[in-house]
Amino acid sequence: MLASMSAAFADDLVGQASIIDGDTLEIHGTRIRLWGIDAPESSQVCRGEDSLQYRCGAKAANDLDALIERRPVSCIPLSHDQYGRTVASCSVGGTDLAGWLVSNGLALDWPQYSKGKFATIQREAEHAGRGKWAGSYVEPWLYRVCIRAGGSPSNCSNDANAHP
C-alpha cells in the first residue's frame, strides 16, 4: 500500500502546469516552489537597459509559461516550505526550469537554499546582460521584506528604498 501511495504522489508531480509566478507553479492542485532560486514577485518592477520600469515579476512568469508551452512538466519533490508548498526540481523537455530562469536573468540563485548551484550560470547571465542584468532590480527577498514593513510595490522596487 505504501508503494502505491508513493507512486501516486510522484504521478501528481508530472503533468500540465499552471504558472502562479516566476518561481511557483501548480500541477494537479499541488503548489510547487522551484528549488534554489528566487524570482521577482508579481507586483515587482525592475528597470530595463533604457531605465524604464517594467513588470519583471510578470515577465518571469510569462516567459516561464512560454517555455513550457503546455508540455508536461516533471517535478522531483525535495521538501516543503513554510507555506506548505512542495519544493521541487522541475523540468520540461529535459530543461531544468530553475536553471533556465537564472540563465535568462529572470530569477536569482538563492544560495541560502541552493548552496550556489546556479552561481555559475547566474554570472554568465550577468556578464551577458540578460534579463534583469540589463538594468537594475531589487532582490526578491529584500522586496518582500520591504512590503511586509509597509512599503508600496513601487517604493520597494527602488533599490534606494528596499532596505528598511
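In the legends below, Ala, Val, Leu, Ile, Met, Phe, Trp, Tyr, Cys and Pro count as nonpolar, Asp, Glu, Lys and Arg count as charged, and the others, Gly among them, count as polar. The views show a predicted model, in which local features need pLDDT of at least 70 and side-chain atom pairs count only at pLDDT 80 or more, while totals for chains, interfaces and linings use all residues. Residues are numbered from 1 along each chain as its sequence is written, and side-chain values use heavy atoms, with hydrogens and water left out.

**View A. The protein chain has 7 helices and 10 strands.** Helices (H or I, at least four residues) and strands (E, at least two) are DSSP runs, numbered from the N terminus. Of the 164 residues of the chain, 40% count as buried, a word that stands for under 20% relative accessible area, with exposed meaning over 50% and partly exposed lying in between (1.4 Å probe, protein chains only). Among the contacts (heavy atoms within 4.5 Å) in the chain with a separation of 6 or more, 50% are between residues 24 or more positions apart.

**View B. Helix α2 covers residues 56-68.** This helix of 13 residues reaches 18 Å from its first C-alpha to its last, close to the expected 18 Å, where the expected span is 1.5 Å times one less than the number of residues. Its buried residues are Cys56, Gly57, Ala58, Ala60, Ala61, Leu64, Leu67 and Ile68, and what covers them includes the strands β1 (14-21), β5 (46-47), β6 (53-54), β7 (72-80) and β8 (86-92), together with the helix α3 (97-103). After α2 comes Glu69, which has a positive phi near 45°.

**View C. The largest nonpolar core has 26 residues.** Such a core is a set of buried Ala, Val, Leu, Ile, Met, Phe, Trp, Tyr and Cys residues joined through side-chain atoms within 4.5 Å. The members that touch the most other members are Leu25, Ile32, Ile37, Val73, Cys75, Cys90 and Leu97. Two or more residues come from each of β1, β2 (24-27), β3 (30-34), α2, β7, β8 and α3, and α2 gives the most, with 5 residues. A second, separate core of 6 residues includes Cys56, Ala125, Trp133 and Tyr137.

**View D. Ile32 lies in strand β3.** This residue is buried, because its relative accessible area is 0%. Not counting residues up to four places away in sequence, Ile32 touches Leu13, Asp23, Thr24, Leu25, Ile27, Cys75, Thr86, Ala88 and Cys90. Although Ile32 and Ala88 are 56 residues apart along the chain, their C-alpha atoms are separated by 6.5 Å. Cys90 in turn, leaving aside its neighbours within four places in sequence, is in contact with Ile32, Leu34, Val73, Ser74, Cys75, Thr95, Asp96 and Leu97.

**View E. The largest pocket has a volume of about 580 Å³.** On a 1 Å grid over the protein atoms alone, a pocket is an open set of points with protein on both sides within 12 Å along at least five of seven lines, whereas a cavity is a set of points where a 1.4 Å probe fits but cannot get out, and lining residues have an atom within 4 Å of a point. Grid points are joined across faces, edges and corners, and a volume is the space filled by probe spheres set on the points. Of the 26 residues that line this pocket, Arg33, Asp81, Arg85, Trp110 and Tyr113 are the closest to its centre. The lining divides into 10 nonpolar, 6 polar and 10 charged residues. The elements that give two or more residues are β1, β3, β4 (37-38), β7, α4 (111-114) and α6 (140-148), of which α6 gives the most, with 4 residues.

**View F. The largest cavity holds about 40 Å³ of space.** The count comes to 1 cavity of 30 Å³ or more. Its lining consists of Pro40, Tyr54, Cys56, Lys59, Gly105, Leu106, Gly131 and Lys132, which by class are 4 nonpolar, 2 polar and 2 charged residues.

**View G. His28 and Lys115 are shown in their loops.** Most residues other than glycine have a negative phi. His28, in the loop between β2 and β3, has a positive phi of about 50° although it is not a glycine, and it counts as exposed because its relative accessibility is 56%. Lys115, in the loop between α4 and α5 (119-128), has a positive phi of about 55°, and it counts as exposed at 69% relative accessibility.
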